[in-house]
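Please open the structure in your viewer and keep the selection tool at hand.

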Amino acid sequence: MPHRSVPAPNKRNARAMRREMTPAEVRLWLRLNRRQLDGLRFRRQATLGNYIVDFFCPERHLIVEIDGDHHGHDAVVVADAARTTWLETQGHRVLRFSNSDVMSNLDGVYMAIWEAATAPLPKSPTAI
């Protein structure tokens with residue numbers, strides 16, 4: 001994936017989000033960092049386009065999002081759907097888990113991520 005310049009506000013926001021991760025994000029990050037999942041590298045609070053995603057594995061085009069309680073509100077659900085659609089058009093797979101999923105079933109979340117990470121890569125997005 002070629003490097004693209006990231007707007008300064010996105011860089012600042014991503015850095016702040018890395019410093020202020022939620023307890024669920026910290027808990028999952030402790031299982032994903034240092035190539036613990038099949039030797040795959042995950043980046044946290046990575047910028048993709050105009051978005052900042054929670055966890056991103058560039059080699060497998062896999063995005064993992066951890067959603068807090070506010071993701072259940074109608075406006076956020078619509079925004080999340082648009083965001084997921086855009087990310088998928090870029091050739092990425094998006095997995096979403098709630099904070100409570102991570103906190104109460106970390107092994108299940110980890111296995112779901114492993115299954116997605118070891119599945120065949122999605123086809124490249126088609127040019128429009």
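The stops below begin with single residues and end with groups of residues.

This is a predicted model, in which local features need pLDDT of at least 70, side-chain atom pairs count only at pLDDT 80 or more, and totals for chains, interfaces and linings use all residues. Residues are numbered from 1 along each chain as its sequence is written, and side-chain values use heavy atoms, with hydrogens and water left out.

Select A24 first. A24 lies in helix α2, residues 23–32 (helices are DSSP runs of H or I of at least four residues, strands runs of E of at least two, numbered from the N terminus). A24 counts as buried because its relative accessibility is 3% (buried means under 20% relative accessible area, with a 1.4 Å probe and protein chains only). Beyond the residues up to four places away in sequence, A24 touches I66, N99, V102 and M103 (contact means heavy atoms within 4.5 Å).

Next, select L28. Its contacts, again not counting residues up to four places away in sequence, include F55, V64 and I113.

Now display the largest nonpolar core, which has 21 residues (a set of buried Ala, Val, Leu, Ile, Met, Phe, Trp, Tyr and Cys residues joined through side-chain atoms within 4.5 Å). L28, L32, F42, F55, V64 and I113 touch the most other members. Helix α5 (106–118) is among the elements that supply at least two residues each; α5 gives the most, with six.

Finally, select A46, L48, F56 and L87, which are included in a second, separate core of seven residues.

Notes: Buried means under 20% relative accessible area, exposed over 50%, partly exposed in between (1.4 Å probe, protein chains only).
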